[in-house]
Amino acid sequence: MWFSLEQGSRILKHHTSFQYRRMTATPGSPKHLVSIKDLADHEFAELVSRAEYFKGLFKAQDKAECQKSHQELMGKTIALIFSKRSTRTRISTEGAAAFFGAQPMFLGKDDIQLGVNESLYDTIKVISSMVACIFARVGKHSEIQEFVKHSKVPVINSLCDKFHPLQAICDMLTIKEHFNYQEKKLKLAWIGDANNVINDMAIAALKLGIDVVVATPQGIELDADIVDAAKEVCKRTGTTIQLTHDSVAAAKDAHVLVTDTFVSMGEEYMYEAKMRQFKGFQINAELCKHAAPDYKFMHCLPRHQEEVTDDIFYGDHSIVFQEAENRLYAAMAAIDIFVNKNGDFSGLN
């Protein structure tokens, strides 16, 4: 009998239910990375700092320090459970696991009994009994919640339809490498769809003191819970978040321009309608005239022509490939804190 991953999740209803929380379910339980909004402000800043640290270490190729890191997870396995295809997430996660001495094990949707003759609950219980950590790249956010609820080891959300925390870590590291956001007030302008990337990126930027403007087409809005969480961060950090349907207004004086795909995986059948809806939201030379003179352009990739023109994507202001590389160091930071240090942020430099 065949059933979908979503259907498999519903099999769990016979198990005892309890309130899901990311960081503090019960004493001694593993701590997970599900979204940036779940983290304290200083915890997120520390993840960015750790990513920066590991980038320096990796680039320096200090054999003694690299060997020390390599001993952390020697003889252990890190599972990559991916129900969606990936380039950057798979390469960066496998590279980060290898850096710490672990054996990465890629488990695609056609490799294991995930959603085929075995419930999601059973799969999670079995896999988490054999590995040190699970990186899960799935469809529904509810699937990540089930992983967190039943896993014996840390779960790192490697993408779901609601959040993309590893991307947010790498994005803030990339911005940090070009701007001193602690001394210079920055404006980040997102011009595009309301999706999992901006859900985490907006919260991440606000936590670091960066103002955010989100421009989406008419009829597309950020989820209310994301807006509410963003406003709470603004109160603490003295930042602002603005929502608009005007791409030019959003780009005005922006230090960072960001976009993403207009057509997400699974939405290909909506392509023509999406193109009509997103008219005027392409990042091009005319739009960039409104940004700050020293603006930077970012995109999490893969990129399509309708989102940004070649002259901007490959131009002097673009930092997209540096951004992509930084996914490796974001994964290193996540493994270091949530696996090596069991989610303990105290005592980190």
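Analyst: The area buried between domain 1 and domain 2 is about 2,500 Å², and carbon and sulfur atoms give 58% of it; buried area here is the accessible area (1.4 Å probe) that two parts lose on being put together, summed over both. This is a predicted model, in which local features need pLDDT of at least 70 and side-chain atom pairs count only at pLDDT 80 or more, while totals for chains, interfaces and linings use all residues. Residues are numbered from 1 along each chain as its sequence is written, and side-chain values use heavy atoms, with hydrogens and water left out.

Domain 1 covers 36-164 + 328-334 and domain 2 covers 167-325, with bounds that come from an automatic or database domain assignment. Their centres, taken over C-alpha atoms, are 25 Å apart, and the contact (heavy atoms within 4.5 Å) takes 27 residues from domain 1 and 31 residues from domain 2.

Between the two domains there are seven salt bridges, each a side-chain nitrogen of Lys or Arg within 4 Å of a carboxyl oxygen of Asp or Glu. D41 forms a salt bridge with R236, where the closest N and O atoms are 2.8 Å apart. On the side of domain 1 that touches domain 2, the elements giving two or more residues are α2 (41-60) and α14 (320-340), and α2 provides the largest share, 10 residues; such helices are DSSP runs (H or I, at least four residues), numbered from the N terminus.
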